[in-house]
Amino acid sequence: MKTISITIPLTIKEDCELSSNERLLLEEAQQATFRSYAPYSHFSVGAAVELADGTIVTGSNQENAAYPSGLCAERTAIFYANSRYPDQAVKRLCIAARDTNGSYLDKPIPPCGACRQALLETECRFGKDIEVLLYSTKGIYSIKSIKDLLPLSFDKSFL
């Protein structure tokens, strides 16, 4: 038997260490949390996507009484970006969330498995890494690629 360990590179940044583009993307993700429709969980998530040409697209979680019918902020943003700007690669994604009290989280929130898979498809589609910024009040995780969030991933090479 052989054991393999999988690790991912992760940088933790402070607000003051963000570039101006990263700062703008973070602010857009934070603002998107206020457009969330979360009457059931009261957990508001916002995502902002920066495209190769600098365009920023946002999304927020949209809940539904039939829970599987809702959609996460990350997929809302990435699907809109892919639909509206089909020729623009996604450069960077930022995610922010507020808890049931309306406060930003003190630890970064990662995308769910379904969002990771949808984001991976976009990364593969354009053949370019998507940097991920996960915001929290105690630091911002910076991850170089969706592949880092989804090791042993399933993609078109298996089909």
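Trainee: Let's begin with a cysteine: what is the relative accessible area of Cys 124?

Mentor: A word on the ground rules: this is a predicted model, where local features need pLDDT of at least 70 and side-chain atom pairs count only at pLDDT 80 or more, while totals for chains, interfaces and linings use all residues. Residues are numbered from 1 along each chain as its sequence is written, and side-chain values use heavy atoms, with hydrogens and water left out. Buried means under 20% relative accessible area, exposed over 50% and partly exposed in between, with a 1.4 Å probe and protein chains only. Cys 124 is partly exposed, because its relative accessible area is 22%.

Trainee: How many disulfides does a search of the whole structure find?

Mentor: A disulfide is a covalent bond between the sulfur atoms of two cysteines, and here the test is a pair of cysteine sulfur atoms within 2.5 Å. The sulfur of Cys 94 is too far for a bond, because the closest cysteine sulfur, in Cys 115, is 14 Å away. Cys 124 is in no disulfide either, with the nearest cysteine sulfur, that of Cys 115, 16 Å away. Over the whole structure, the number of disulfides found is zero.

Trainee: What is the order of the six strands in the open sheet?

Mentor: Strands (E, at least two residues) and helices (H or I, at least four) are DSSP runs, numbered from the N terminus. Two strands pair if DSSP finds at least two bridges between them. Strand S1 (11-13) and S3 each pair on one side only, as the edge strands. The pairing is mixed, and the order is S1-S6-S5-S4-S2-S3.

Trainee: How many residues of S2 are buried?

Mentor: In a regular strand the side chains alternate between the two faces of the sheet. In S2, one side holds Ser 44, Gly 46, Ala 48 and Glu 50, the other Val 45, Ala 47, Val 49 and Leu 51, and both faces are covered. S2 is therefore largely enclosed by the rest of the structure, its buried residues being eight of eight.

Trainee: And which residue of S3 is the bridge partner of Ala 48?

Mentor: S2 has antiparallel partners: eight bridges join S2 to S4, and five join S2 to S3. Towards S4, Gly 46 stands opposite Ala 96. Towards S3, Ala 48 has as its bridge partner Thr 58.

Trainee: Which residue of S5 is the bridge partner of Leu 93?

Mentor: S4 and strand S5 (residues 131-134) run parallel and are joined by four bridges. S5 has both faces covered, with Glu 131 and Leu 133 buried on one side and Val 132 and Leu 134 on the other. The bridge partner of Leu 93 is Val 132.

Trainee: What angle does H2 make with S2?

Mentor: Helix H2 (residues 73-84) has twelve residues and reaches 16 Å from its first C-alpha to its last. The expected span, 1.5 Å times one less than the number of residues, is also given as 16 Å. Axes are lines fitted to C-alpha atoms, for helices over the stretch in contact, and angles run from 0 to 180 degrees between N-to-C directions. H2 lies across S2, S3 and S4, and its angle to S2 is about 30°.

Trainee: Which elements are among those that cover the buried residues of H2?

Mentor: The buried residues of H2 are Ala 73, Glu 74, Arg 75, Ala 77, Ile 78, Ala 81 and Asn 82. Contact means heavy atoms within 4.5 Å. What covers these residues includes S2, S3, S4 and helix H3 (113-126).

Trainee: Which side chain makes a polar contact with that of Ser 142?

Mentor: Ser 142 lies in strand S6 (residues 140-143) and is buried, because its relative accessible area is 11%. Leaving aside residues up to four places away in sequence, Ser 142 touches Pro 9, Leu 10, Thr 11, Lys 13, Glu 131, Val 132 and Leu 133. A polar contact is a pair of N or O atoms within 3.5 Å; within protein, one must be able to donate a hydrogen and the other to accept it, and residues adjacent in sequence count only if both atoms are side-chain atoms. At 3.0 Å, the side chain in polar contact with that of Ser 142 belongs to Glu 131.
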